[in-house]
Amino acid sequence: DIIRQRYDLEDQLRHREDERLTLTERLNSQKECLTVVSSKLEFLEELRRKYEGFTAGVKELINLKNTNPAAYQGIQGLVYDVIEVEPGYEAALESAFGEWLQAIIVDSSEEIKRLSDYLDERDLGRAWFLPVENIRMLNSESIAGLQDREGITAKVTDFIRTPDQYKQVINWLLKDTYLVDSIDQALKITASVPETDKCRFVTREGRIIYKGSLVWSGSKKVSPEGGLIARQALIRGLKQEVEVLNKEVALKETEFKDLSDRIQSINEQLIKIRHDLDEKRLDVTQKQTAQTRLESEHQKLKDELDLTQLEISELQEQLGQNTGEQEQLEARLRRIEESHNNIQTLMTNTQNDINQMSIEREQVLMAIGEFRAEVSSSQEKLNRYLSSKDIYQKNLDEYRQSAQARSEQLTQFDT
(Lines give C-alpha, C1' and ligand atoms only; values in the text may rest on other atoms or scores of the structure.)
Protein backbone atom coordinates (compact mmCIF):
# COMPACT_ATOMS: atom_id res chain seq x y z
CA ASP A 1 0.00 0.00 0.00
CA ILE A 2 2.76 2.48 0.86
CA ILE A 3 4.59 1.59 -2.36
CA ARG A 4 1.41 2.30 -4.33
CA GLN A 5 1.14 5.64 -2.53
CA ARG A 6 4.72 6.39 -3.50
CA TYR A 7 4.07 5.58 -7.16
CA ASP A 8 0.88 7.69 -7.11
CA LEU A 9 2.74 10.64 -5.57
CA GLU A 10 5.61 10.29 -8.06
CA ASP A 11 3.06 10.32 -10.92
CA GLN A 12 1.43 13.40 -9.39
CA LEU A 13 4.84 15.03 -9.00
CA ARG A 14 5.74 14.41 -12.65
CA HIS A 15 2.36 15.74 -13.73
CA ARG A 16 2.69 18.85 -11.54
CA GLU A 17 6.25 19.43 -12.74
CA ASP A 18 5.03 19.27 -16.35
CA GLU A 19 2.24 21.69 -15.46
CA ARG A 20 4.72 24.02 -13.79
CA LEU A 21 7.03 23.87 -16.81
CA THR A 22 4.14 24.70 -19.14
CA LEU A 23 2.96 27.43 -16.77
CA THR A 24 6.50 28.83 -16.56
CA GLU A 25 6.71 29.00 -20.34
CA ARG A 26 3.34 30.75 -20.52
CA LEU A 27 4.28 33.09 -17.69
CA ASN A 28 7.59 33.97 -19.34
CA SER A 29 5.79 34.51 -22.64
CA GLN A 30 3.27 36.83 -20.99
CA LYS A 31 6.03 38.66 -19.15
CA GLU A 32 7.88 39.13 -22.44
CA CYS A 33 4.66 40.37 -24.03
CA LEU A 34 4.11 42.66 -21.05
CA THR A 35 7.65 43.98 -21.39
CA VAL A 36 7.13 44.68 -25.10
CA VAL A 37 3.77 46.36 -24.54
CA SER A 38 5.10 48.31 -21.55
CA SER A 39 8.04 49.48 -23.64
CA LYS A 40 5.68 50.65 -26.37
CA LEU A 41 3.48 52.36 -23.80
CA GLU A 42 6.45 54.00 -22.12
CA PHE A 43 7.72 55.20 -25.50
CA LEU A 44 4.33 56.66 -26.45
CA GLU A 45 3.81 58.25 -23.05
CA GLU A 46 7.27 59.77 -23.33
CA LEU A 47 6.22 61.23 -26.70
CA ARG A 48 3.07 62.52 -25.07
CA ARG A 49 4.93 64.01 -22.08
CA LYS A 50 7.30 65.77 -24.47
CA TYR A 51 4.39 66.77 -26.76
CA GLU A 52 6.16 65.34 -29.77
CA GLY A 53 4.33 66.35 -32.94
CA PHE A 54 3.29 69.72 -31.51
CA THR A 55 4.73 73.06 -32.62
CA ALA A 56 7.60 74.60 -30.69
CA GLY A 57 5.42 77.45 -29.42
CA VAL A 58 2.78 75.08 -28.04
CA LYS A 59 5.45 72.95 -26.34
CA GLU A 60 6.99 76.04 -24.73
CA LEU A 61 3.74 77.39 -23.33
CA ILE A 62 2.60 74.00 -21.98
CA ASN A 63 6.00 73.50 -20.32
CA LEU A 64 5.67 76.94 -18.72
CA LYS A 65 2.24 75.95 -17.41
CA ASN A 66 3.62 72.72 -15.98
CA THR A 67 6.71 74.29 -14.38
CA ASN A 68 5.06 77.49 -13.08
CA PRO A 69 1.30 76.95 -12.72
CA ALA A 70 0.74 80.06 -10.62
CA ALA A 71 2.20 82.41 -13.24
CA TYR A 72 0.35 80.77 -16.10
CA GLN A 73 -2.91 79.80 -14.46
CA GLY A 74 -4.75 81.37 -17.39
CA ILE A 75 -3.73 78.37 -19.51
CA GLN A 76 -6.33 75.64 -18.99
CA GLY A 77 -4.81 73.04 -21.31
CA LEU A 78 -4.75 71.66 -24.83
CA VAL A 79 -7.73 70.51 -26.87
CA TYR A 80 -5.75 67.30 -27.36
CA ASP A 81 -5.69 66.73 -23.58
CA VAL A 82 -9.40 67.29 -22.93
CA ILE A 83 -10.90 64.91 -25.51
CA GLU A 84 -11.27 61.17 -25.76
CA VAL A 85 -12.35 59.71 -29.10
CA GLU A 86 -14.31 56.48 -29.44
CA PRO A 87 -12.29 53.66 -31.05
CA GLY A 88 -12.64 53.51 -34.82
CA TYR A 89 -13.15 57.23 -35.33
CA GLU A 90 -9.59 58.46 -34.72
CA ALA A 91 -8.82 59.23 -38.38
CA ALA A 92 -12.12 61.10 -38.85
CA LEU A 93 -11.59 63.29 -35.76
CA GLU A 94 -7.93 63.83 -36.58
CA SER A 95 -8.99 65.37 -39.90
CA ALA A 96 -11.94 67.18 -38.36
CA PHE A 97 -9.83 68.95 -35.74
CA GLY A 98 -6.85 69.56 -37.97
CA GLU A 99 -4.38 72.02 -36.42
CA TRP A 100 -6.93 72.98 -33.79
CA LEU A 101 -6.07 69.73 -32.02
CA GLN A 102 -2.98 71.59 -30.74
CA ALA A 103 -5.00 74.67 -29.72
CA ILE A 104 -4.40 76.02 -26.22
CA ILE A 105 -7.55 76.67 -24.19
CA VAL A 106 -7.16 79.89 -22.19
CA ASP A 107 -9.39 81.97 -19.92
CA SER A 108 -9.61 85.17 -21.96
CA SER A 109 -8.38 87.25 -24.90
CA GLU A 110 -5.98 89.12 -22.59
CA GLU A 111 -4.24 85.83 -21.88
CA ILE A 112 -3.91 85.24 -25.63
CA LYS A 113 -2.17 88.60 -26.06
CA ARG A 114 0.24 87.92 -23.19
CA LEU A 115 1.15 84.49 -24.50
CA SER A 116 1.48 85.66 -28.09
CA ASP A 117 3.88 88.41 -27.01
CA TYR A 118 5.90 85.80 -25.15
CA LEU A 119 6.22 83.66 -28.29
CA ASP A 120 7.04 86.58 -30.56
CA GLU A 121 9.73 87.92 -28.23
CA ARG A 122 11.49 84.57 -28.30
CA ASP A 123 10.70 83.73 -31.92
CA LEU A 124 9.10 80.40 -30.91
CA GLY A 125 6.68 80.22 -33.79
CA ARG A 126 2.94 80.20 -33.77
CA ALA A 127 0.26 78.67 -31.55
CA TRP A 128 -3.56 78.42 -31.63
CA PHE A 129 -5.66 79.78 -28.78
CA LEU A 130 -9.27 79.25 -27.72
CA PRO A 131 -10.52 81.81 -25.17
CA VAL A 132 -13.29 80.20 -23.16
CA GLU A 133 -14.72 83.56 -22.18
CA ASN A 134 -15.33 84.55 -25.81
CA ILE A 135 -16.52 81.15 -27.05
CA ARG A 136 -19.31 81.09 -24.48
CA MET A 137 -20.84 84.08 -26.27
CA LEU A 138 -20.66 82.44 -29.71
CA ASN A 139 -23.43 80.42 -31.33
CA SER A 140 -22.62 76.71 -31.57
CA GLU A 141 -25.98 75.56 -32.90
CA SER A 142 -25.97 73.35 -36.01
CA ILE A 143 -28.22 73.52 -39.06
CA ALA A 144 -31.59 72.12 -38.09
CA GLY A 145 -32.60 68.79 -39.62
CA LEU A 146 -29.36 68.22 -41.45
CA GLN A 147 -28.28 65.34 -39.21
CA ASP A 148 -31.35 63.35 -40.26
CA ARG A 149 -30.53 63.38 -43.97
CA GLU A 150 -29.58 60.17 -45.75
CA GLY A 151 -25.84 59.50 -45.80
CA ILE A 152 -25.08 61.46 -42.62
CA THR A 153 -24.15 59.13 -39.79
CA ALA A 154 -23.94 61.64 -36.94
CA LYS A 155 -22.24 64.78 -35.77
CA VAL A 156 -18.59 64.09 -35.11
CA THR A 157 -19.01 65.44 -31.56
CA ASP A 158 -21.15 62.38 -30.85
CA PHE A 159 -17.95 60.34 -30.90
CA ILE A 160 -16.05 62.52 -28.44
CA ARG A 161 -16.03 62.41 -24.64
CA THR A 162 -14.91 65.61 -22.91
CA PRO A 163 -15.39 67.26 -19.48
CA ASP A 164 -18.51 69.41 -19.18
CA GLN A 165 -16.53 72.67 -18.87
CA TYR A 166 -15.04 72.11 -22.34
CA LYS A 167 -18.04 70.78 -24.22
CA GLN A 168 -19.00 74.20 -25.52
CA VAL A 169 -15.46 74.78 -26.77
CA ILE A 170 -15.39 71.44 -28.60
CA ASN A 171 -18.91 71.91 -29.99
CA TRP A 172 -17.94 75.34 -31.35
CA LEU A 173 -14.77 73.97 -32.94
CA LEU A 174 -16.65 71.15 -34.65
CA LYS A 175 -19.85 73.06 -35.33
CA ASP A 176 -21.57 71.74 -38.47
CA THR A 177 -19.01 68.94 -38.87
CA TYR A 178 -20.67 65.65 -39.76
CA LEU A 179 -19.61 62.07 -40.25
CA VAL A 180 -20.80 60.68 -43.60
CA ASP A 181 -20.86 57.26 -45.15
CA SER A 182 -18.92 58.27 -48.26
CA ILE A 183 -17.65 61.24 -50.28
CA ASP A 184 -20.40 60.71 -52.86
CA GLN A 185 -23.05 61.12 -50.18
CA ALA A 186 -21.37 64.30 -48.93
CA LEU A 187 -21.24 65.78 -52.44
CA LYS A 188 -24.94 65.00 -53.00
CA ILE A 189 -25.83 66.73 -49.73
CA THR A 190 -23.79 69.86 -50.51
CA ALA A 191 -25.33 70.05 -53.96
CA SER A 192 -28.90 69.76 -52.72
CA VAL A 193 -28.73 71.82 -49.50
CA PRO A 194 -27.40 75.37 -49.94
CA GLU A 195 -26.95 75.88 -46.21
CA THR A 196 -24.18 73.26 -46.23
CA ASP A 197 -21.65 75.67 -47.70
CA LYS A 198 -20.44 76.26 -44.17
CA CYS A 199 -20.50 72.59 -43.20
CA ARG A 200 -17.71 70.06 -43.21
CA PHE A 201 -18.24 66.40 -43.97
CA VAL A 202 -15.73 63.77 -42.97
CA THR A 203 -15.58 60.04 -43.63
CA ARG A 204 -14.29 57.47 -41.13
CA GLU A 205 -11.15 57.25 -43.26
CA GLY A 206 -10.51 60.98 -42.66
CA ARG A 207 -11.52 62.43 -46.06
CA ILE A 208 -13.03 65.91 -45.76
CA ILE A 209 -15.55 67.76 -47.99
CA TYR A 210 -15.85 71.49 -47.40
CA LYS A 211 -17.92 73.83 -49.55
CA GLY A 212 -18.43 71.08 -52.08
CA SER A 213 -14.70 70.44 -52.56
CA LEU A 214 -12.51 67.55 -51.50
CA VAL A 215 -10.12 69.15 -49.00
CA TRP A 216 -8.19 66.05 -48.16
CA SER A 217 -8.08 62.50 -49.48
CA GLY A 218 -5.74 59.59 -49.76
CA SER A 219 -4.57 56.93 -47.31
CA LYS A 220 -3.88 58.38 -43.89
CA LYS A 221 -1.81 55.85 -41.96
CA VAL A 222 -2.04 56.01 -38.20
CA SER A 223 1.39 56.30 -36.56
CA PRO A 224 2.56 57.46 -33.11
CA GLU A 225 4.46 60.32 -34.71
CA GLY A 226 1.77 61.48 -37.18
CA GLY A 227 -1.65 60.87 -35.58
CA LEU A 228 -2.06 62.61 -32.24
CA ILE A 229 -5.51 61.17 -31.61
CA ALA A 230 -4.38 57.81 -32.88
CA ARG A 231 -1.45 58.02 -30.47
CA GLN A 232 -3.87 58.87 -27.68
CA ALA A 233 -6.07 55.91 -28.57
CA LEU A 234 -3.05 53.68 -28.86
CA ILE A 235 -1.90 54.76 -25.39
CA ARG A 236 -5.33 53.97 -23.95
CA GLY A 237 -5.36 50.61 -25.69
CA LEU A 238 -1.85 49.80 -24.49
CA LYS A 239 -2.77 50.81 -20.93
CA GLN A 240 -5.73 48.47 -21.04
CA GLU A 241 -3.55 45.75 -22.51
CA VAL A 242 -0.91 46.33 -19.81
CA GLU A 243 -3.61 46.18 -17.15
CA VAL A 244 -4.96 42.93 -18.58
CA LEU A 245 -1.45 41.48 -18.90
CA ASN A 246 -0.60 42.53 -15.35
CA LYS A 247 -3.72 40.77 -14.09
CA GLU A 248 -2.93 37.68 -16.15
CA VAL A 249 0.69 37.68 -14.99
CA ALA A 250 -0.44 38.13 -11.36
CA LEU A 251 -2.95 35.30 -11.83
CA LYS A 252 -0.31 33.08 -13.44
CA GLU A 253 2.17 33.92 -10.67
CA THR A 254 -0.46 33.03 -8.06
CA GLU A 255 -1.19 29.83 -9.97
CA PHE A 256 2.55 29.19 -10.22
CA LYS A 257 2.96 29.72 -6.46
CA ASP A 258 0.01 27.42 -5.69
CA LEU A 259 1.43 24.80 -8.05
CA SER A 260 4.88 25.16 -6.47
CA ASP A 261 3.29 24.79 -3.02
CA ARG A 262 1.51 21.63 -4.19
CA ILE A 263 4.78 20.30 -5.63
CA GLN A 264 6.53 21.12 -2.33
CA SER A 265 3.76 19.33 -0.43
CA ILE A 266 4.07 16.27 -2.71
CA ASN A 267 7.86 16.33 -2.29
CA GLU A 268 7.46 16.42 1.50
CA GLN A 269 5.01 13.51 1.35
CA LEU A 270 7.41 11.61 -0.92
CA ILE A 271 10.31 12.26 1.45
CA LYS A 272 8.23 10.93 4.36
CA ILE A 273 7.06 7.90 2.37
CA ARG A 274 10.61 7.19 1.17
CA HIS A 275 11.81 7.46 4.77
CA ASP A 276 9.05 5.06 5.85
CA LEU A 277 9.98 2.73 2.99
CA ASP A 278 13.63 2.82 4.03
CA GLU A 279 12.61 1.95 7.59
CA LYS A 280 10.39 -0.85 6.33
CA ARG A 281 13.17 -2.14 4.06
CA LEU A 282 15.55 -2.08 7.02
CA ASP A 283 12.94 -3.89 9.13
CA VAL A 284 12.40 -6.45 6.33
CA THR A 285 16.17 -6.91 5.99
CA GLN A 286 16.47 -7.44 9.73
CA LYS A 287 13.57 -9.91 9.67
CA GLN A 288 15.08 -11.72 6.69
CA THR A 289 18.39 -11.92 8.54
CA ALA A 290 16.60 -13.22 11.63
CA GLN A 291 14.65 -15.67 9.46
CA THR A 292 17.86 -16.88 7.83
CA ARG A 293 19.41 -17.34 11.27
CA LEU A 294 16.30 -19.22 12.48
CA GLU A 295 16.31 -21.39 9.37
CA SER A 296 19.96 -22.16 10.00
CA GLU A 297 19.22 -23.04 13.62
CA HIS A 298 16.20 -25.06 12.50
CA GLN A 299 18.36 -26.99 10.05
CA LYS A 300 20.92 -27.54 12.76
CA LEU A 301 18.23 -28.83 15.13
CA LYS A 302 16.84 -30.98 12.36
CA ASP A 303 20.29 -32.47 11.79
CA GLU A 304 20.62 -33.08 15.52
CA LEU A 305 17.15 -34.65 15.54
CA ASP A 306 18.09 -36.93 12.66
CA LEU A 307 21.24 -37.92 14.51
CA THR A 308 19.26 -38.53 17.72
CA GLN A 309 16.70 -40.61 15.83
CA LEU A 310 19.55 -42.61 14.35
CA GLU A 311 20.99 -43.16 17.83
CA ILE A 312 17.52 -44.16 19.08
CA SER A 313 17.19 -46.62 16.24
CA GLU A 314 20.57 -48.10 17.12
CA LEU A 315 19.57 -48.27 20.80
CA GLN A 316 16.25 -49.88 19.89
CA GLU A 317 18.08 -52.42 17.76
CA GLN A 318 20.51 -53.06 20.61
CA LEU A 319 17.57 -53.29 23.02
CA GLY A 320 15.98 -55.87 20.74
CA GLN A 321 19.16 -57.88 20.85
CA ASN A 322 19.28 -57.58 24.67
CA THR A 323 15.63 -58.63 24.86
CA GLY A 324 16.44 -61.83 22.98
CA GLU A 325 19.33 -62.56 25.28
CA GLN A 326 17.10 -61.81 28.29
CA GLU A 327 14.51 -64.29 27.06
CA GLN A 328 17.23 -66.93 26.67
CA LEU A 329 18.55 -66.20 30.18
CA GLU A 330 15.03 -66.32 31.61
CA ALA A 331 14.47 -69.72 29.96
CA ARG A 332 17.73 -70.96 31.37
CA LEU A 333 16.81 -69.51 34.76
CA ARG A 334 13.49 -71.36 34.66
CA ARG A 335 15.30 -74.58 33.86
CA ILE A 336 17.72 -73.93 36.71
CA GLU A 337 14.82 -73.22 39.04
CA GLU A 338 13.20 -76.44 37.91
CA SER A 339 16.48 -78.25 38.63
CA HIS A 340 16.62 -76.48 41.98
CA ASN A 341 13.09 -77.53 42.76
CA ASN A 342 13.95 -81.08 41.82
CA ILE A 343 16.99 -80.93 44.04
CA GLN A 344 14.91 -79.48 46.85
CA THR A 345 12.43 -82.28 46.41
CA LEU A 346 15.19 -84.77 46.31
CA MET A 347 16.79 -83.24 49.37
CA THR A 348 13.45 -83.28 51.19
CA ASN A 349 12.88 -86.94 50.28
CA THR A 350 16.29 -87.88 51.38
CA GLN A 351 16.46 -85.62 54.46
CA ASN A 352 16.12 -88.49 56.81
CA ASP A 353 18.78 -90.36 54.99
CA ILE A 354 21.34 -87.63 55.10
CA ASN A 355 21.12 -86.47 58.64
CA GLN A 356 24.70 -87.66 59.29
CA MET A 357 25.67 -85.62 56.31
CA SER A 358 24.33 -82.34 57.81
CA ILE A 359 27.61 -80.60 57.45
CA GLU A 360 27.75 -81.37 53.77
CA ARG A 361 24.08 -80.44 53.43
CA GLU A 362 24.80 -77.09 55.00
CA GLN A 363 27.51 -76.54 52.43
CA VAL A 364 25.02 -77.45 49.72
CA LEU A 365 22.54 -74.94 51.19
CA MET A 366 25.25 -72.34 51.28
CA ALA A 367 25.98 -73.12 47.64
CA ILE A 368 22.31 -72.77 46.84
CA GLY A 369 22.28 -69.43 48.67
CA GLU A 370 25.22 -68.33 46.63
CA PHE A 371 23.43 -69.52 43.53
CA ARG A 372 20.36 -67.52 44.48
CA ALA A 373 22.55 -64.53 45.08
CA GLU A 374 24.06 -65.02 41.68
CA VAL A 375 20.56 -65.38 40.16
CA SER A 376 19.48 -62.20 41.95
CA SER A 377 22.60 -60.45 40.66
CA SER A 378 21.84 -61.72 37.15
CA GLN A 379 18.26 -60.45 37.53
CA GLU A 380 19.54 -56.99 38.55
CA LYS A 381 21.99 -56.99 35.68
CA LEU A 382 19.14 -57.94 33.38
CA ASN A 383 16.94 -55.14 34.74
CA ARG A 384 19.75 -52.65 34.09
CA TYR A 385 19.92 -53.79 30.49
CA LEU A 386 23.24 -55.56 30.67
CA SER A 387 24.80 -55.15 27.31
CA SER A 388 27.59 -57.59 27.59
CA LYS A 389 26.77 -61.11 26.50
CA ASP A 390 30.11 -62.33 27.77
CA ILE A 391 29.12 -61.47 31.38
CA TYR A 392 25.88 -63.43 31.10
CA GLN A 393 27.76 -66.34 29.52
CA LYS A 394 30.43 -66.29 32.23
CA ASN A 395 27.82 -66.32 34.99
CA LEU A 396 26.03 -69.10 33.20
CA ASP A 397 29.23 -71.08 32.86
CA GLU A 398 30.03 -70.54 36.51
CA TYR A 399 26.54 -71.61 37.39
CA ARG A 400 26.88 -74.72 35.23
CA GLN A 401 30.24 -75.57 36.85
CA SER A 402 28.73 -75.02 40.28
CA ALA A 403 25.68 -77.05 39.34
CA GLN A 404 27.88 -79.74 37.91
CA ALA A 405 29.93 -79.75 41.03
CA ARG A 406 26.84 -80.00 43.19
CA SER A 407 25.47 -82.65 40.88
CA GLU A 408 28.65 -84.59 41.25
CA GLN A 409 28.38 -84.11 44.97
CA LEU A 410 24.82 -85.28 44.90
CA THR A 411 25.84 -88.18 42.71
CA GLN A 412 28.52 -89.03 45.14
CA PHE A 413 26.04 -88.52 47.93
CA ASP A 414 23.58 -90.86 46.25
CA THR A 415 26.30 -93.32 45.70
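**Helix packing and strand pairing in the predicted model**

The crossing of helices α1 and α8 is left-handed, a term used when the near helix is turned anticlockwise from the far one by less than a right angle, with right-handed used if clockwise. The residues of this contact comprise 25 nonpolar, ten polar and 22 charged ones; Ala, Val, Leu, Ile, Met, Phe, Trp, Tyr, Cys and Pro count as nonpolar, Asp, Glu, Lys and Arg as charged, and the others, Gly among them, as polar. The structure is a predicted model, in which local features need pLDDT of at least 70 and side-chain atom pairs count only at pLDDT 80 or more, while totals for chains, interfaces and linings use all residues. Residues are numbered from 1 along each chain as its sequence is written, and side-chain values use heavy atoms, with hydrogens and water left out.

Helix α1 spans residues 2-49 and helix α8 residues 228-349; their axes come within 7 Å and cross at roughly 160°. Axes here are lines fitted to C-alpha atoms, for helices over the stretch in contact, and angles run from 0 to 180 degrees between N-to-C directions. The two helices are therefore roughly antiparallel to each other (angles over 145 degrees; under 35 is roughly parallel, 65 to 115 roughly perpendicular and the rest oblique). Helices (H or I, at least four residues) and strands (E, at least two) are DSSP runs, numbered from the N terminus.

Turning to the strands, an open sheet of three has the order β1-β3-β4, with mixed pairing; two strands pair if DSSP finds at least two bridges between them. At its edges lie β1 (75-78) and β4 (129-131), each pairing on one side only. Neighbouring strands of this sheet are turned by 25° against each other on average, direction ignored. Three bridges link β1 to β3 (residues 104-106) in the antiparallel sense, and L78 has I104 in β3 as its bridge partner.

Strand β7 (residues 177-180) sends T177 and L179 one way and Y178 and V180 the other, and all are buried (under 20% relative accessible area; exposed is over 50% and partly exposed in between, with a 1.4 Å probe and protein chains only). β7 runs antiparallel to β5 (residues 152-155), to which three bridges join it, and V180 is the bridge partner of I152. With β8 (residues 200-202), β7 pairs in the parallel sense, again over three bridges; here T177 stands opposite R200.

In helix α6 (residues 164-173), the buried residues are Y166, V169, I170 and L173. Seen down the axis of α6, they fall within an arc of 95°, so they line one face of the helix; the arc is that of the directions from the helix axis to the C-beta atoms.
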